[in-house]
Amino acid sequence: MCGIVGYIGHREAYPIILKGLKRLEYRGYDSAGIALFDGNDIKMSKTKGKVADLEDKLEKDIPTNGTLGIGHTRWATHGVPNDVNSHPHYSNSGNLVIIHNGIIENYESLKKELIKRGYTFKSDTDTEVLVNLIEDVKKNENTKLGKAVQIALNQVVGAYAIAVFDKNKPNEIVVARLGSPLAIGIGDDEFFIASDASPFIEYTKNAIYLEDEEMAVIRRDKGVKVRKIKDDSLVDPYVQELQLNLEQIEKGGYDHFMLKEIYEQPRAILDTFRGRMLPSEGIIKMSGIEDNMKTFLNANRIIVVACGTSWHAGLVSEYIFENLARIPVEVEYASEFRYRNPVITDKDVVIAISQSGETADTLAAIKLAKSRGAFVFGVCNVVGSSIARETDAGAYTHAGPEIGVASTKAFTTQITVLTLIALRLARAKGTISSSEFRHHMIELELIPEKVKKALESDAYVKTIADIYKNSKNFLYLGRGYNFPVALEGALKLKEISYIHAEGYPAAEMKHGPIALIDENMPIVVIATKKGHYEKVVSNIQEIKSRKGKIIGIVTEGDEQVRDLADHVIEVPETIESLTPLLTTIPLQLLSYHIALMLDKNVDQPRNLAKAVTVE
């Protein structure tokens, strides 16, 4: 959940590390810190708060010269966010300094043993335990830093991405990963280390992504040596060319990344189906599906595992797969999946969905499913991510970088990919006619322009946000394909405005939530013409009779809901299965404007981080 950055080379390290931390701040922003080697000693500055707070403090604290350094932006696990618990952390001697993303689960037993050996601790973190364990091994085994790291990590239980260096060996940095991402940028007489490639994209296009249980010793004079942590065997690393560019990770004139990403959805959806779908020729072709068609067609069921927004996309896919391809689908929280001893066989296909491709709970679910013989298919956005490597096959969403913590374009592009898969399987199974197949493709091809049209409601949504910004609770209702959209709309509002909100199937309102409705309760009802329209209208009448404030999301030209609702937001008409791609747009905008009016940080909401790489 934390962001780590490191540099060793011929440039001044400080500006590179600081800029890198700003780009990685979506991964955590409770506290931040930087350690630099100035040629003689390690200089460190760290603070509770954001990277901007660190920048204000650091240049007063320490000299910023030096061509070796590491930096960290934190999402707290062990120890409250404060200056002392912030990373980096020194070893007791002051010779070693470390940054860490992840959780050391057995840190307490390690700490007790180290205390017996005379070590003292200033922080409450598991990370300070790890750096002292490395120092203890280095001293007692009389070994080099790389070997000490390897031996120490074999005593550790948990997840980590680390970077550590020794002030007595300022020509090298040692890094390692298990369960948390780590990329090494390869430059000309310089090397970059980061949780993802964004901190070094303008310096090099060449990167190594460490695999789980791998470590690397990075030396300016000898390059990068990668080894297996368990047995110290050498690994021939794959250097890949990055497709990311600098423009993609900047705000591009928008006030916030979230707003930029909301408005990027027409292009992101287009990029996701571009090259995979040719409506004029009646073709959908995805290599991950084509190469494994027999496995999909022989599957007894599909199990979708995901968390948060990706879980909501999975819920939409349940309706799509079952309706089009007639394959039974179960949608599971990845965080619960592995702990209930699920029944999985080699006749199951597991689809794992994650924007970052690094979600720890989803990765754990993948490993469990594979151990039981299931075929695992990944849907993620980040090329080279852990899920992309761990799964048997998969499909990228091509959404481009999503920096805002509250996912927007991830949701719509995941639904797009899952729709393509369902349509392709339906055609292969013969559960959909050629005319229906082509009609669905034509409608999907029109969605980017219809999303643009839905975005035109922005100004009106803003006026609604102003009316209800001080409400303490919201209720979101939808039926069928739009029930998951109601859940997603409520999640967005909770995430960035901190207003309590709940999503329900509209028919379930009568079974409890209706007790909450009064003149102070705004209820967002998704009531498009497709699907269970008349049933939803009946639910709206039930709300109106109890004086609830109704915000209707309706199909263009709707009159019936308009007569009942306090506010109506129109979206273009499309086929029922694609309505979530349109109805979610005004809900994203509503959350954004309410949060902004409440002076909340929409890109970096409290207590959250973009890539949840801890369980």
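This is a predicted model: local features need pLDDT of at least 70, side-chain atom pairs count only at pLDDT 80 or more; totals for chains, interfaces and linings use all residues.

User: What does the radius of gyration say about the protein chain?

Analyst: The protein chain contains 20 helices and 27 strands. Its radius of gyration is 25 Å, close to the 25 Å given by the globule rule for 615 residues, so the chain is as compact as a globular protein of that length. Along the principal axes, the C-alpha trace spans about 80 × 55 × 45 Å. Buried residues account for 61% of the 615 residues.

User: How should I read a sheet, and in what order do the strands S19, S18, S20, S21 and S22 lie?

Analyst: In general, the strands of a sheet pair through backbone hydrogen bonds, either parallel or antiparallel. Here, 5 strands form an open sheet in the order S19-S18-S20-S21-S22, with parallel pairing. Strands S19 (329-333) and S22 (393-396) are the edge strands, each pairing on one side only. On average, neighbouring strands of this sheet are turned by 20 degrees against each other, direction ignored. Strand S18 (residues 301-306) pairs with S19 over 5 bridges in the parallel sense, and Ile302 stands opposite Val329 in S19.

User: Which strands does helix H10 lie across?

Analyst: Helix H10 (residues 308-325) lies across S18, S19 and strand S20 (348-354), and runs at about 175 degrees to S19.

User: Which residues have the most contacts inside the largest nonpolar core?

Analyst: That core has 87 residues, and those with the most contacts inside it are Phe321, Ile351, Phe377, Leu425, Phe474, Tyr476 and Leu590. Helix H14 (residues 409-429) gives the most to this core, with 10 residues. Apart from this core lies another, of 30 residues, among them Leu24, Tyr29, Phe192 and Ala194.

User: What is Phe321 in contact with, leaving aside its neighbours within four places in sequence?

Analyst: The contacts of Phe321 beyond those neighbours include Ile302 and Val329, the two residues that stand opposite each other in the sheet. Phe321 is also in contact with Ile351, Leu418, Ile421, Ala422 and Leu425, among others.

User: Why is helix H5 described as largely enclosed?

Analyst: A residue counts as buried when its relative accessible area is under 20%. In helix H5 (residues 145-153), 7 of the 9 residues are buried, so the helix is largely enclosed by the rest of the structure. The buried residues are Leu145, Gly146, Ala148, Val149, Gln150, Ala152 and Leu153. Their cover includes helix H4 (126-141) and several strands, among them S6 (96-104), S7 (158-166) and S12 (214-219).

Definitions and conventions. Residues are numbered from 1 along each chain as its sequence is written. Side-chain values use heavy atoms; hydrogens and water are left out. A nonpolar core is a set of buried Ala, Val, Leu, Ile, Met, Phe, Trp, Tyr and Cys residues joined through side-chain atoms within 4.5 Å. Buried means under 20% relative accessible area, exposed over 50%, partly exposed in between (1.4 Å probe, protein chains only). Helices (H or I, at least four residues) and strands (E, at least two) are DSSP runs, numbered from the N terminus. Contact means heavy atoms within 4.5 Å. Two strands pair if DSSP finds at least two bridges between them. Axes are lines fitted to C-alpha atoms, for helices over the stretch in contact, and angles run from 0 to 180 degrees between N-to-C directions. The radius of gyration is taken over C-alpha atoms; the globule rule is 2.2 Å times the number of residues to the power 0.38.
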